[in-house]
Amino acid sequence: MTHKKLNYQKTETDLYLAEIPLETRSYKPVSHKEIIEKTKENLDIYGYKLNSELYLANDKCTQVTGLYTISNMEDEDMQLQIAWMNSYDKSVTLKYAVGTRVFVCSNGSVYGDRGAFKRKHTGAVKQITKENIQMFLEESSFIFNQMIKDKEEWKQIQVTKRTCAELLGRMYAEEDIIKETQVSIIKREMEVPSFEYNADNSLWEFYNHCTHSLKNIHPNSYIQNHANLYNFFNEKI
């Protein structure tokens, strides 16, 4: 039996048409449109050139992740990526994060919990969102440079197939970062890589096998799962 590949990609118009929930005393919705417009406005203010934008959402666009790649913040392997997560069904808090997109495979990453903020839809959330967007864009170049340093270090770390298998087991059984579906994808990538990362048998190559396995995860898990993965490689190895 062939399983249909999940496709969460949506257009900006799809997000704008999604019904915004009513505001209550304890719940203050922030519209997807407001986040998109404020993000693009601040990208322009800080001189960041938008290279591409991608929106991942469930069918009703009540859970959305937005991804923006920046063309004038890049090295030979990857470019800066700004990510946000919003929901209209109270399933997740509003999140913003700084990460990267790898050129050769389009794999995304998020700079752990240190490169993200989250905020419940209560109180002065709209003003806080505006302030935090500005703060993260101001700090994003520092975070991007740190991710470049991490990447170069990981390229120099050689790992055996046994080491990768042990790390894979820890991510699955101990840390609950990945699920069965991701395990099988990573195992396949270890055997026959889909992309050439120019760092054979390195920690960087294995990390990209792992981010490749997260390409089709649900939009409400994108930022946290990638942050957890980055934390694992930075802190557990």
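This is a predicted model: local features need pLDDT of at least 70, side-chain atom pairs count only at pLDDT 80 or more; totals for chains, interfaces and linings use all residues.
1. Residues are numbered from 1 along each chain as its sequence is written, and side-chain values use heavy atoms, with hydrogens and water left out.

2. Helix α5 (residues 180-191) packs on helix α6 (residues 203-212) at an angle of about 140°, their axes lying 8 Å apart; helices here are DSSP runs (H or I, at least four residues), strands are runs of E of at least two, and both are numbered from the N terminus. Axes are lines fitted to C-alpha atoms, for helices over the stretch in contact, and angles run from 0 to 180 degrees between N-to-C directions. That angle makes α5 oblique to α6, the term for whatever is left once angles under 35 degrees (roughly parallel), over 145 (roughly antiparallel) and 65 to 115 (roughly perpendicular) are set aside.

3. On the α5 side, Ile185, Ile186, Glu189 and Met190 meet Phe206, His209, Cys210 and His212 of α6, contact meaning heavy atoms within 4.5 Å. By class, this contact has five nonpolar, two polar and one charged residues, where Ala, Val, Leu, Ile, Met, Phe, Trp, Tyr, Cys and Pro count as nonpolar, Asp, Glu, Lys and Arg as charged, and the others, Gly among them, as polar.

4. Helix α4 (residues 161-174) also packs with α6, at an angle of about 40° and with the axes 12 Å apart, which makes α4 oblique to α6. Cys164, Leu167, Leu168 and Met171 in α4 meet Leu203, Phe206 and Cys210 in α6, and the residues of this contact divide into seven nonpolar, no polar and no charged.

5. Searching the whole structure gives one cavity of 30 Å³ or more, and the largest cavity holds about 60 Å³ of space. A cavity is a set of points, on a 1 Å grid over the protein atoms alone, where a 1.4 Å probe fits but cannot get out, and its lining residues have an atom within 4 Å of a point; points are joined across faces, edges and corners, and the volume is the space filled by probe spheres set on them.

6. The largest cavity is lined by 13 residues, of which Met78, Thr100, Ser109, Trp204 and Tyr207 are the closest to its centre. Helix α6 supplies the largest share of this lining, four residues, and the lining as a whole divides into seven nonpolar, five polar and one charged.

Technical notes. On a 1 Å grid over the protein atoms alone, a cavity is a set of points where a 1.4 Å probe fits but cannot get out, and a pocket is an open set with protein on both sides within 12 Å along at least five of seven lines; lining residues have an atom within 4 Å of a point.
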